[in-house]
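Morning, everyone. Please have the model up on your screens. I'll walk through it piece by piece.

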Amino acid sequence: MDKEEFLGLYRHSLAHVMAKAVIELYGEDTLYGIGPQIDDGAYYDFVLPEGKSITEADYKTIEDKMREIIKRREDWTRKVVTKEEALEVFKDNRFKVELINELPDDETITLYYTGEDYVDLCRGPHVSNSQELMNVSYKVHSCSMAYWKGDAKRDHMQRVYFYAFPDKQQLKEHIKMIEEAREREHKKIGAQLELFMFNESAPGMPYWEPRGWQMYQTLLAYSRKIQKAHGYTEISAPLINNKKLWLVSGHWAHYLNNMFIVPGIDGFTQADTNIEDLQAALDDEDETTSAVLEAGTPVYDRENIDTMAAKPMNCPNAMMMFKRKLHSYKDLPIRYSEYDVLHRKEKSGQMNGLFRVQEFRQDDDHTFVMESQIKDEIADIIAIADEIYSTFGVTYRAELSTRPDDYMGDIEVWNRAEAGLKEILDEKYGEGGYEINEGDGAFYGPKIDLQIKDALGREWQCGTIQLDFQLPHNFGLTYTNAEGNLEMPVVIHRAIYGSLERFIGIIIENFKGRFPFWLSPYQVAVVPITTDHNAYAEEVIEALESNHIRVEADLSDKNMRSKIKKFKPYQDPYILVLGDNEARERTVSINVRGSNKQIQNVPLDTFIEVCKKMNQEHTLELVQEM
Ligand SMILES: [Zn+2]
Ligand SMILES: [Zn+2]
């Protein structure tokens, strides 16, 4: 048995044990739904008897009960049953009944008994006796509300999670990693550093506070600088577009549920006697509409051709930009980069700080190339990714997704494109140095995803490079080739940060809020020892700012210690302390972030040179000595 199989076997077996424990603790009327294994353990969904619920205080009790059950050394028996028999066994559990009724008629139905008194509907496999679970380590660690089948209109269930590992040591390490991740949590650090906030009036749409916005601008500036060097030109396009555009791009047919719809000029209709027809046309998710709808009420009909929608992606507008004039093959590649605001609707339960938002910007680009240019262009994009990711000190790995069965376009073009991509990836990462997901590409083209690895070893998909043979076709894009004939360009969609919001969330956690100098919202804090030193402090501030170093200062009459204490939580890389000595000598004394020592009397000019260099070179490590 390989490691994955082993993990699956005992994690899932433990889920049965936990369900058995919960039933013994909370009573026979406890309903149990599903209990799948996940990355670090498993969970089980329950509806507990009226008035009962599981809280953190109960985790230990559940663990102890599980231990007690394991120690009974009960046999696990597998039983093949008919649908009728299965329905009879679970007649008091409406969730299992639903699952059984959904099984195809020819499916073999198996039940697993743990001892005599616990039975679950399951494909298995499982341990054959509970004693096989004696040495594994587990810990019940959280509880959340879940809907049956993820449907907000159905039963609310309590989902109880546990970690499970082959031994104590691995469990301990995992818990330590989770604690470390919790300390780095971007929502917590984001609040401490005053970077961003959310308000219920705009769910999933970040407010960028002055410090956070400064950092955001710095990331944008860095992206712009690199892309300019690689021949990109920046555009900006409407955020809200008419339905006509979304019909052409295919978003209306395939992405509508994720789009924020905006009434057009004539989008509203007066509700009249045909209320029922209108209701049917309304978004069915909007349950409140029917309650307020009466004759004469202005209602909105999204099927109206005048309807508009906020853009979830930049692609269609970039196609329009290309189409505005005739292009020659000599103009290609054309690279339109774009940082416009995008909106995508998410289910409320899925939003998570900056990691899952409804409003964001990407370092997006659409490059228009001839087929013969694909390979070189992709190589250049990978060079950009290398440069950007290494600046943040993260490694990454590439994944190539190839032609799916329902592909669109010319198979020869696909074959040549995929061969080209493989060639580049082979050259760059060595054969086998990247993953290939056969058949996982989009129907419109193969893609390369770039997964970065953070300081905790967690992987995040940020970069994506996507070939597209379909969109240029939908928009009728052409260029004149060397023979003077019209030909269709290939589009490459690409992003390196991906969503800037999400990327900021990732780097907050990666750096634990202690950003490299060039990226820090404020880079230097200035603390004059007394107000007598304010004049020199102002001189220092001016000198720093004229060298594009971001400074904040406290010139109040508070004492030095409380001023320093105020700046510390912001994690500014340097806090300068200025007194008589410093003013006389034109020096600064520096408190370096993360160090208790003060570097005394560094000439102001030397300090400025060090800062300038770190800004110019996007240095990862903070200079500790001067
Ligand atoms: Zn099972
Ligand atoms: Zn795109």
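Let me start with a term: two residues are in contact if their C-beta atoms, placed from the backbone, lie within 7 Å. Helices (H or I, at least four residues) and strands (E, at least two) are DSSP runs, numbered from the N terminus. This is a predicted model, where local features need pLDDT of at least 70, side-chain atom pairs count only at pLDDT 80 or more, and totals for chains, interfaces and linings use all residues. Residues are numbered from 1 along each chain as its sequence is written, while chains are lettered from A and ligands numbered from 1 in the order in which they are written.

Now the domains. Their bounds come from an automatic or database domain assignment. That assignment gives domain 1 (3–183), domain 2 (207–239 + 311–511), domain 3 (268–303) and domain 4 (517–617). The C-alpha centres of domain 1 and domain 4 are 57 Å apart.

Next, two helix pairs. Axes are lines fitted to C-alpha atoms, for helices over the stretch in contact, and angles run from 0 to 180 degrees between N-to-C directions. Helix H1 (residues 3–26) and helix H2 (residues 59–71) have axes that come within 9 Å and cross at roughly 110 degrees. That makes H1 roughly perpendicular to H2. On the scale used, under 35 degrees is roughly parallel, over 145 roughly antiparallel, 65 to 115 roughly perpendicular and the rest oblique.

Which residues in H1 meet H2? From H1, they are Val 17, Met 18, Lys 20, Ala 21, Val 22, Glu 24 and Leu 25. They face Thr 61, Ile 62, Lys 65, Met 66, Ile 69 and Ile 70 in H2. This contact divides into nine nonpolar, one polar and three charged residues. Here Ala, Val, Leu, Ile, Met, Phe, Trp, Tyr, Cys and Pro count as nonpolar, Asp, Glu, Lys and Arg as charged, and the others, Gly among them, as polar.

On to the sheets. Two strands pair if DSSP finds at least two bridges between them. Five strands make an open, mixed sheet in the order S29-S28-S30-S31-S32. Its edges are strand S29 (551–553) and strand S32 (598–603), each pairing on one side only. Strand S28 (residues 524–528) runs parallel to strand S30 (residues 574–578) over five bridges. Val 524 has Tyr 574 in S30 as its bridge partner. Helix H18 (residues 560–567) lies across S28, S30 and strand S31 (587–592), at about 165 degrees to S28. Helix H20 (residues 604–617) lies across S31 and S32, at about 105 degrees to S32.

A three-stranded open sheet has the order S12-S16-S13, with antiparallel pairing. Val 262 stands opposite Met 308 in S16.

Last, the backbone. Where are the cis peptide bonds? One joins Gly 124 and Pro 125, with omega about -5 degrees. Pro 125 sits in the loop between strand S6 (118–121) and strand S7 (137–147). Another joins Leu 332 and Pro 333, again with omega about -5 degrees.
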